[in-house]
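Here is a short report on a structural model. Have the sequence and coordinates open as you read.

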Amino acid sequence: MDTKGQMVLANRLTDGHVVFLAADGGWVEDIAGGALASDQDAAQRLLAAAQLAESRNAVVEPYLIGIRNEAGRRQPVSFREAIRAAGPTVRTDLAD
Amino acid sequence: MYRYDEFDHTLVAERIGTFRRQVERRLSGDLTEDQFKPLRLMNGQYLQLHAYMLRVNIPYGCLSSRQLHQLAFIARRYDRNFGHFTTRQNIQYNWIKLDETPAVLAALAAVEMNAMQSSGNCVRNITADQFAGRARDEIEDPRPWCELIRQWSILHPEFSYLPRKFKIAVSGAPSDRAAVKLHDVGLYLRRNADGVIGFEVLVGGGQGRLPYVGHTIREWLAKDDLLSYLEAILRIYNLGGRRDNPQKARIKVQVNALGPDEFRRLVDEEWAQIRNSPLLAVPGAEIERITAYFADPAWEKLPDAPVAVAGQRKSDPAFDAWYRANVVEHRAPGYAIVNLSLKAPGIAPGDLTADQMDQVAELADRFSLGELRVSHRQNLVFPDVRQTDLRALWQELQKLSLATPNIGKLTDIIACPGLDFCALANTRAIPVAQDIGRHFSDLAVLQDIGELTINISGCMNACGHHHVGHIGILGVEKNGEEFFQLTLGGSSAEDASLGDRLGRSIPAAEVPVAIEAIVCRYKALRQVDERFLDTYRRVGIEPFKEAVYGNSPQRRQAVA
């Protein structure tokens, strides 16, 4: 699995949950299942697909995030996006 | 408790119907997100980092056991088994699905609650002293006036699209437990020289990026003039408040740009034109009707300070510690006000699980005439507890981890949801509160420190009231890392003040140690019975800078 590059993250319209754009144009909750763009052209193609999905009311506020490799796993570069991807760092006792 | 009349029921039901149709249109694509966002915000629904958040009003902090059971039901059925009490006497659910929101609003309406105007650029939930109607130092119960203002401001056609949000707080007591001076409009019930009760009116208080303590623009306002005077203030703001820059759109910026005297002049000029409008007269029959809902409950005739309770306190130091920290004098003999601490060590401040909600509601029925309150410091209150029941209640609260004897103490921390939930935040706030709570878990140490508030915000928007904590903690992001800036000397009470910045920000891991250093310096400097805030005001910031940053030249340079 590729572990560096960019992915598209958004909120799903119906429940607001964080989702990643997948290679087949669908949206998945697991970062490992999302499409990873390894260069800028690929990233822009992902973003364009996400914006189309936004206009079709599948998701809200899609945007590109940087991904780095951490022990063989995809990890958002920014702290904020890491929390978005993994969920709150508190109240993990009450996670869904 | 106020009960909805037919107009309230109709208004809330119609509003839910309207929002249900708006949600359907959003889901079907008839509304874009840009079109829908202001509509959902006016119904209390935000889109946060992980999901939709719903903010529910608890008007002036009053809640019945029936309502709390319903909040538990909503947490369990529609959310993830917990809710978060905020600094504005609201409860927030963090995981409400958009398509289920109308059902949640209907469940709230079934117990006469709503989320209307809990967001958006309109008049928000009216907040009040959590001890309203019960405090011994109270001049008059503020709740009927809060309810009147609520009715006046809900769906007010002129004030639904203000430059920015608008917050009003009311206190009926000279001891300010409602942060009145930090609101867009603050009202204190006061007696004039003739002993007649009216309102002192403050404007332009607020926190956020540009914090200000409010200015008194009228020392005393007759009750009959309340709505016309508020209308005049809102009109001056609505007309002259800035709409070009959201950061400068609050009334505090307008008031402080014009100066309070000029702002007062403009308000008086407007007021002169509308003061005698029959539409804005305080309707005597209506205020009587509202006031009747807040009549004293059927308190029993009981002896005050019974010997048995004194004996229990003497024989049980743990009960005595809780009594001294969490129990407050009640104006009815034989009764007490009890604070339930939502700040057990390691717990997210203000959080309550669905099971806890149900159990607290049952205890409210058993011990507090079925009523409870929510404080802006994110705790709960039982307003009517028989003094002879205190020990039994304390034992029950211990089982729920709601009996930590820390009200007003260092670990009674205000914290915003921070970057764990909030789309605006730069850093987390809850883990910092948890770390401090664990670091200072020794109750004897807390008691020795005495009154000391810590308020934490995860960004400059200051939802965690960091400007007015005796110690304030503000999260700032630096190159992807969380850092925290400390301020000292803030207060949200009647002696309101804004904290002074201590020095450079420090990493999260160093925060408890820095607090420890500040506390140690305070203990070394304090005079007999002098609380931290007063010591700080007496000695200034320098000794505390030295305590946290040391006094080597390099460190002093870094602080500067």
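**Conventions.** This is a predicted model: local features need pLDDT of at least 70, side-chain atom pairs count only at pLDDT 80 or more, and totals for chains, interfaces and linings use all residues. Residues are numbered from 1 along each chain as its sequence is written, while chains are lettered from A and ligands numbered from 1 in the order in which they are written.

**Overall fold.** Chain B holds 19 helices and 21 strands. Helices (H or I, at least four residues) and strands (E, at least two) are DSSP runs, numbered from the N terminus. The radius of gyration of chain B is 23 Å, close to the 24 Å from the globule rule for 560 residues, so chain B is as compact as a globular protein of that length. That radius is taken over C-alpha atoms, and the rule is 2.2 Å times the number of residues to the power 0.38. The C-alpha trace of chain B spans about 60 × 60 × 60 Å along its principal axes. Of the 560 residues in chain B, 52% are buried. Buried means that 20 or more other C-beta atoms, placed from the backbone, lie within 10 Å of the residue's own. Contact means C-beta atoms, placed from the backbone, within 7 Å. Among contacts in chain B between residues at least 6 apart in sequence, 67% join residues at least 24 apart.

**An open sheet.** In chain B, 5 strands form an open, mixed sheet in the order S6-S7-S8-S9-S10. Strands pair if DSSP finds at least two bridges between them. S6 (127–128) and S10 (215–222) of chain B are the edges, each with a single partner strand, so one side of each has no neighbour in the sheet. Helix H6 (residues 226–240) of chain B packs on this sheet, touching S8, S9 (197–203) and S10 of chain B. The direction of H6(B) makes about 10 degrees with that of S9(B). Axes here are lines fitted to C-alpha atoms, for helices over the stretch in contact, and angles run from 0 to 180 degrees between N-to-C directions.

**Helix H6.** Of the 15 residues of H6(B), 11 are buried, so the helix is largely enclosed by the rest of the structure. Among them are Leu226(B), Tyr229(B) and Ile233(B). Their cover includes helices H5 (143–153), H7 (251–258) and H8 (260–274) of chain B.

| Strands | Sense | Bridges | Residue pair |
|---|---|---|---|
| S7(B) and S8(B) | parallel | 4 | Ile168(B) and Val185(B) |
| S2(B) and S5(B) | antiparallel | 4 | Asn57(B) and Asn90(B) |
| S4(B) and S5(B) | antiparallel | 2 | Phe85(B) and Ile91(B) |

In strand S5 (residues 90–93) of chain B, Asn90(B) and Gln92(B) point one way, Ile91(B) and Tyr93(B) the other, and all are buried. The hairpin of S4(B) and S5(B) has 4 residues between the strands, and there Gln89(B) takes a positive phi near 55 degrees.

**Val12.** Val12(B) sits in helix H1 (residues 6–28) of chain B. With 21 C-beta neighbours inside 10 Å, Val12(B) counts as buried. Beyond its neighbours within four places in sequence, Val12(B) is in contact with Ala109(B) and Asn114(B).

**Chain contact.** The contact takes 23 residues from chain B and 22 residues from chain A.

Terms used
A residue is buried if 20 or more other C-beta atoms lie within 10 Å of its own, exposed if 12 or fewer, and partly exposed in between; C-beta atoms are placed from the backbone. Two residues are in contact if their C-beta atoms, placed from the backbone, lie within 7 Å.
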